[in-house]
Amino acid sequence: MANDNNRKAILVTPEDCIGCRACQVACKSWNQLPGISTKNNGTYQNPPDLASAAFNIIQYNEVPSQENPVRWLFVSRRCMHCEDAGCMTICPSGALYRTSEGAVAYDRDKCIGCKLCVNACPFDVPRYDAENKVTKCHQCTDRTTAGMQPACVKTCPTGALRYGDRNELITVAKKDGFGTIYGENDLSGLGSIYAFKEEPKLYGMKENPTIPSSVVFWHTYLKPLSFIGLGGVVAAAAIHYLAIGPHKEKEEEV
Ligand code: SF4
Ligand code: SF4
Ligand code: SF4
């Protein structure tokens, strides 16, 4: 766990987002992610969801408006880098870990492909690549440890994405008149925080995100057993089917 005083975050200000998706492109470019075949499903949002080759997406929320036929509200969707991270808690192999800046990153080589983190994540973030290895936003830990900003942040032309000291970002956002900082305290504090003047749910933000109780049970009772002989994979499979149910594949074809 990062020292709270040293914890970094990405501050998203959806009201400043123009939906240009430069952040999506920058992420793909930096992480060398291939293109995804998609089809028009009646919205300009593309791709429609996070994928193994899409670590961040701009969600296009359409809400009724009195002035216009519809009002578009854009919001960047990505890993929230939770302080109480269900994915890390349930991971039996240690593939998901906390960086010194407070992000939740992953070691691809340690991933055993059990997919427990999928159901343990309150935000439906982790995806798996063609080799059954976990993928997601890692807050560009390879850039930030070299003193650079995350690729998406560096590219954003409007300042809708900012990276820096988490406490400072929250202070600045409040000073700028944003009444709600989504993620300030949720799950003991998120590493992707969102500044709103309107209700977060208008932007499709999840209300009161919580870690599934089955994950807590796993962490408290079953995970220790995996270290004394049962084996991580067996215990992982058991908890998956007993407490969560079979994994439902929703990964897009890449
Ligand atoms: S959003 Fe999901 S994948 Fe990201 S740190 Fe939180 S639990 Fe893990
Ligand atoms: S922080 Fe890096 S990995 Fe995460 S969405 Fe931005 S560019 Fe992609
Ligand atoms: S680059 Fe910035 S303004 Fe453009 S879509 Fe991404 S967050 Fe919004």
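**Close-up views of cavities and ligand shells**

**View 1. Lining of the largest cavity in the predicted model.** The largest cavity is lined by 15 residues. Nearest its centre lie C17, C23, I58, C156 and A160. The space inside comes to about 110 Å³. By class, the lining of the largest cavity splits into 11 nonpolar, 3 polar and 1 charged residues. The structure holds 7 cavities of 30 Å³ or more.

**View 2. Ligand 3 in the largest cavity.** Ligand 3 sits in this cavity.

View 3. The lining has 14 residues, and C79, M80, C82, C87 and C121 are the closest to the centre. The lining of the second largest cavity counts 11 nonpolar, 2 polar and 1 charged residues. Domain 1 (9-81 + 143-165 + 172-203) and domain 2 (86-138 + 209-244) each give this lining at least three residues.

**View 4. The shell around ligand 2.** C27, N31, F55, N56 and R78 are among the residues that surround ligand 2. The shell around ligand 2 also includes C137, H138, Q139, C140, P150, A151 and C152. Helices α1 (22-31) and α5 (151-155) each supply at least two residues of this shell. By class, the shell around ligand 2 has 7 nonpolar, 4 polar and 1 charged residues.

Conventions. Residues numbered from 1 in each chain as written. Chains lettered and ligands numbered in written order. Predicted model: local features only at pLDDT ≥ 70, side-chain atom pairs only at ≥ 80, totals over all residues. Heavy atoms only, no water. Near = heavy atom within 4 Å. Helix = DSSP H or I, 4+ residues; strand = E, 2+ residues; numbered from the N terminus. Nonpolar A, V, L, I, M, F, W, Y, C, P; charged D, E, K, R; others polar. 1 Å grid on protein atoms, 1.4 Å probe; cavity = no way out; pocket = protein on both sides within 12 Å on 5 of 7 lines; lining within 4 Å. Sits in = over half its atoms within 2 Å of the grid points. Points joined across faces, edges and corners; volume = space filled by probe spheres on them. Domains from an automatic or database assignment.
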